[in-house]
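Reader: I would like to go through this model with you. Could we begin once it is on display?

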Amino acid sequence: MQTLILPRDERTQPARIVAGYPQTPWRNPAQPLVRRAPTLSELTGPLGIAGRVGLLGGDIAGHGEKRAIGQLIHLKVRVLDEDGAPVGGSVVEVWQANAAGRYIHPNDDDHAPVDANFYGAARLVTDGSGAFELRTVKPGAYPVPTSGGWWRPPHVHFSLFGKVWLSRLVTQMYFPGEPLNAQDRILNAVPDAAARERLVARCVPPTGDPYNALVFEHRIVLRGRTATPEQS
Ligand SMILES: [Fe+2]
């Protein structure tokens, strides 16, 4: 059986061990990987995953008195395969900090206020053109615990399922023009500048549509030469 697993491109994927990022040794294999033939379910699944998990709406910013604090943004994302074809039906999980840089998570407990109107997560599915949209607020930067003063730039986390299990991607999206981008240890663990650029969204000129939101466009490529780098 022909394998679908492509060799890892060390130029366009992040270094496995990132200097100054103490969690990386236990998030990456310590031994060389063993190649094996994919199983049938890996080549044909997931089937109907969008129907088996609960989808959450594409609006996590809230409205009126329930509106989250922060700059309202609208993300327009397209998910593509290695040939540039849209990946429809891809389940996408999204999570991000609130405008003050705080996650709703027990590990995030010490520096910034919780926003009662912002949970910060969504689960969506791409349409036939590979697109999904999210109305949210721009996440704040936050300091990384035990890192000696390193702050993460504003970013949004994505976990995507492609057409088969082997095309799952966990990555992050950054915002253009952020001064912290240049010193972020996770973003800059990707050696290739063009690959890093593929992780940065594009701010499109405001048109008033959708009303009162800054619009960012982004492309995520699941595999191949122009694949979006992993970011965990
Ligand atoms: Fe994060």
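Reader: Is Tyr21 buried or exposed?

Author: Tyr21 is buried, with a relative accessible area of 8%; buried means under 20% relative accessible area, exposed over 50%, and partly exposed in between, with a 1.4 Å probe and protein chains only. This is a predicted model, in which local features need pLDDT of at least 70 and side-chain atom pairs count only at pLDDT 80 or more, while totals for chains, interfaces and linings use all residues. Residues are numbered from 1 along each chain as its sequence is written, and side-chain values use heavy atoms, with hydrogens and water left out.

Reader: How many aromatic pairs does the structure hold?

Author: The structure holds four aromatic pairs. Rings of Phe, Tyr and Trp (its six-membered ring) pair if their centres lie within 6.5 Å; planes under 30 degrees apart count as stacked, over 60 as edge-to-face and the rest as tilted. One of them is Tyr21 with Trp150: the centres are 5.3 Å apart and the planes at 75°, so the pair is edge-to-face. Tyr21 lies in the segment before α1 and Trp150 in the loop between β5 and β6, 129 residues apart. Helices (H or I, at least four residues) and strands (E, at least two) are DSSP runs, numbered from the N terminus.

Reader: And what is the arrangement of Phe132 and Phe158?

Author: Their ring centres lie 5.9 Å apart with planes at 75°, so this pair is edge-to-face. Phe132 belongs to strand β4 and Phe158 to strand β7, so the pair ties together parts that are 26 residues apart in sequence. Phe132 is buried at 4% relative accessibility, and Phe158 is buried at 0%.

Reader: Turning to the metal, which residues coordinate the iron ion?

Author: Tyr103 (OH), Tyr142 (OH), His155 (NE2) and His157 (NE2) coordinate the iron ion at 1.9 to 2.2 Å. Donors are N, O and S atoms within 2.8 Å of the metal (3.2 Å for Na, K and Ca); water is not among the atoms, so sites may look incomplete. Both His155 and His157 are buried.

Reader: How are the donor residues spaced in sequence?

Author: The spacing is Y-x38-Y-x12-H-x1-H.

Reader: Last topic: what is the strand order in the open sheet?

Author: The four strands run β3-β2-β7-β8, with antiparallel pairing; two strands pair if DSSP finds at least two bridges between them. β3 and β8 stand at the edges, each with a single partner strand, so one side of each is left without a neighbour in the sheet. Six bridges join β7 to β8, and Leu160 has Leu169 in β8 as its bridge partner.
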